[in-house]
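Welcome, and please take a moment to look over the structure shown here. A guided walk through some of its parts follows.

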Amino acid sequence: MPATKPPTTSATSTCSARDFARDETTHDIGDQYLFGPSLLVAPVYEFEARSRRVYLPSGADWYDFETGERHEGGRWIDAAAPLERMPLFVRAGAILPTGPAAQFAAEALNQDLTLLVYPGADGRFSLVEDDGVSYAYERGEYSRIELSYDDATGAVTIGARRGRFSGMPAEREVTVRWMGSEPEEASVTYTGDAVSVARP
């Protein structure tokens, strides 16, 4: 499992209700779901089950979040489901911002950021952050950073930060981790200006 915890910053990403409408197999599946456009969640609901069948929609490759193993879409697999976790898969091309564990929202403001990138397709993500404790975002006090991944070159672009909010860090360490069975990573100090991070 990745060393980082689930996202501690607020974020937005475009998700179409018709993501896999052309894959007719998905039309009759009622016990797994997409959480946003990139995460496929397969809850375990059978007593004492330690695995379950999961359908990976066609038109994308999928990574096991726990192991980093890559699977071709358009087929059923038997996914491990030990007591401590349920099957979770990440769509190729996804960019998932993560950070260290935080006890409260504002604690994450000055923390380092890790971007989990899943190769196999181009990807985009819009990272939105605010002070985490007030409604100041309703007055426009928030920032947005556009993230993009070019699968052909392996480069991740961290766009220029737009907007401001109280307590916003002037700089932070950003680690890009290209996921897979043997992840690679590179780090950069982000100061708000656009920067490209090359895959090692």
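The paragraphs below go from a sheet to its strands, then to charged pairs and a surface patch.

First, a word on the model: it is predicted, so local features need pLDDT of at least 70 and side-chain atom pairs count only at pLDDT 80 or more, while totals for chains, interfaces and linings use all residues. Residues are numbered from 1 along each chain as its sequence is written, and side-chain values use heavy atoms, with hydrogens and water left out.

Let us begin with an open sheet of four strands, whose order is S9-S10-S15-S16 and whose pairing is mixed. Its edge strands are S9 (95–98) and S16, each of which pairs on one side only. On average, neighbouring strands of this sheet are turned by 20° against each other, direction ignored. Such angles are taken between N-to-C directions and run from 0 to 180 degrees, with axes as lines fitted to C-alpha atoms, for helices over the stretch in contact. Strands here are DSSP runs (E, at least two residues; helices are H or I, at least four), numbered from the N terminus. Two strands count as paired if DSSP finds at least two bridges between them.

Within this sheet, strand S10 (residues 113–117) runs parallel to S15, and the two pair over five bridges. Leu113, for instance, has Val174 as its bridge partner in S15. Now look at Thr175, which also belongs to strand S15 (residues 172–178). Is Thr175 buried or exposed? Thr175 counts as buried because its relative accessibility is 12%; buried means under 20% relative accessible area, exposed over 50%, and partly exposed in between (1.4 Å probe, protein chains only). Apart from neighbours within four places in sequence, Thr175 is in contact with Leu113, Thr114, Leu115, Glu185, Ala186 and Ser187, where contact means heavy atoms within 4.5 Å.

Next come the charged pairs. Side chains of opposite charge can pair when their charged atoms come close. The whole structure holds seven salt bridges, each being a side-chain nitrogen of Lys or Arg within 4 Å of a carboxyl oxygen of Asp or Glu. One of them joins Glu129 and Arg172, with the closest N and O atoms 3.0 Å apart. Glu129 lies in strand S11 (residues 123–129) and Arg172 in strand S15, so this pair ties together parts that are 43 residues apart in sequence. Both Glu129 and Arg172 are buried.

Another salt bridge links the side chains of Glu185 and Arg177 (2.9 Å, N to O). Glu185 is partly exposed, with a relative accessible area of 44%, whereas Arg177 is buried at 13%. Arg199 and Glu184 form a further salt bridge, their closest N and O atoms being 2.7 Å apart. Arg199 lies in the segment after strand S17 (195–197) and Glu184 in strand S16 (residues 184–190), so the pair ties together parts that are 15 residues apart in sequence.

Return now to S11, the strand of Glu129. Six of the seven residues of S11 are buried. S11 pairs with strand S12 (residues 143–150) in the antiparallel sense over seven bridges, and Gly123 has Tyr149 as its bridge partner in S12.

Finally, turn to the surface. Tyr33, Phe35, Val44 and Met86 form a nonpolar patch there, with about 390 Å² of accessible area together. Phe35 is part of strand S2 (residues 33–35), and at 58% relative accessibility Phe35 counts as exposed. Patches are made of residues with over 30% relative accessible area and no salt bridge; like charges are joined within 9 Å, and nonpolar side chains (Val, Leu, Ile, Met, Phe, Trp, Tyr) within 5 Å. The areas come from the Shrake-Rupley method with a 1.4 Å probe, and for residues only the protein chains shown count as cover.
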